[in-house]
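Welcome! Take each one step by step.

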Amino acid sequence: MDVGASGNHCHVTKFVLLGLTETPALQPILFVIFLLAYVATIGGNFSIVAAIIIEPKLHAPMYFFLGNLSVLDVGCISVTVPAMLKHFMSSDKSIPYGACLTQLFFFHLLAGADCFLLTVMAYDRYLAICKPLTYSTHMGWGIQKALVGMSCVFSFSNALTQTVALSTLRFCGPNVINHFYCDLPQLFQLSCSGTRLNEKLLFVAAAFMGVAPLVLIMVSYAHVVAAVLRIRSAEGRKKAFSTCSSHLTVVGIFYGTGIFSYMRLGSVEASDKDKGIGILNTVISPLLNPLIYSLRNPDVQGALRRVLLRR
């Protein structure tokens, strides 16, 4: 165990990430799988961004928010997967204390911005379907930038608060994290000082950044469903629902995995399950998002074809 001396006390200077598996034979196979997933995620999300920039048909608020979501997905997977790939190919599974806190900060910054941006996208669909006559007024260019900026500011404030609060805890051993990245529940288990304040802060953050946005999303879509059901044309109802189904799928994956991860603080035996949930949250969700948003959207499909076939 790597510890440093500070007066009469010892403190951990680095943590050891056990990763997904300790079986040497599986690590090269997992390295290839997650490397391909990482490359596909980067390529897919940046293709979405390029299509939105190049295609005039996609110069609309919904696609502006989708482009920002794609950038966040690239950041989220880049915070966790490159370090995991490095550990697959190295016998040294350690991560310095400072690097662990840095990873934690950026993960919560990007995941938190995701929470707010998904809420903004639901609000955009509500305005587009329920208030089409005033949509351009309520969702002008300045408002779009302000909504994205506020999402980032709120998320930054939470990530900074959680990281600073964690830095006040003492870690005097053990220093082994049964996960593939640094996150709050696993670090709380290793602390040799009280974590009650930190858990309260995490609970407040979960309410502000998880529960409140989810309630707003549900309220927005309740109004959307009511408005769509009043459309007499079956084709019109199908078109309206198709613009919302992709977003609802992403919301379900994102919030489902997030709730499972953070609503079980103090459960020591849950770490192996947390790895699977972590893979869904940090790898599978960013990988699937470009597919989910393009499968039922002919405008995005057409723009992607033009981007990919462009010389």
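Buried means under 20% relative accessible area, exposed over 50%, and partly exposed in between (1.4 Å probe, protein chains only). This is a predicted model, where local features need pLDDT of at least 70 and side-chain atom pairs count only at pLDDT 80 or more, while totals for chains, interfaces and linings use all residues. Residues are numbered from 1 along each chain as its sequence is written, and side-chain values use heavy atoms, leaving out hydrogens and water.

**Exercise 1.** Decide which class F154 belongs to: buried, partly exposed or exposed.

*Solution.* Start by finding F154 in helix α5; helices are DSSP runs of H or I with at least four residues, numbered from the N terminus. Next, take its relative accessibility, 35%. Because this value lies between the cut-offs of 20% and 50%, F154 is partly exposed.

**Exercise 2.** Find the salt bridge and say whether its partners are buried or exposed.

*Solution.* First, recall the rule: a side-chain nitrogen of Lys or Arg lies within 4 Å of a carboxyl oxygen of Asp or Glu. Searching the whole structure gives one such bridge. It joins the side chains of R125 and D124, at 2.9 Å from N to O.

Technical notes:
Helices (H or I, at least four residues) and strands (E, at least two) are DSSP runs, numbered from the N terminus.
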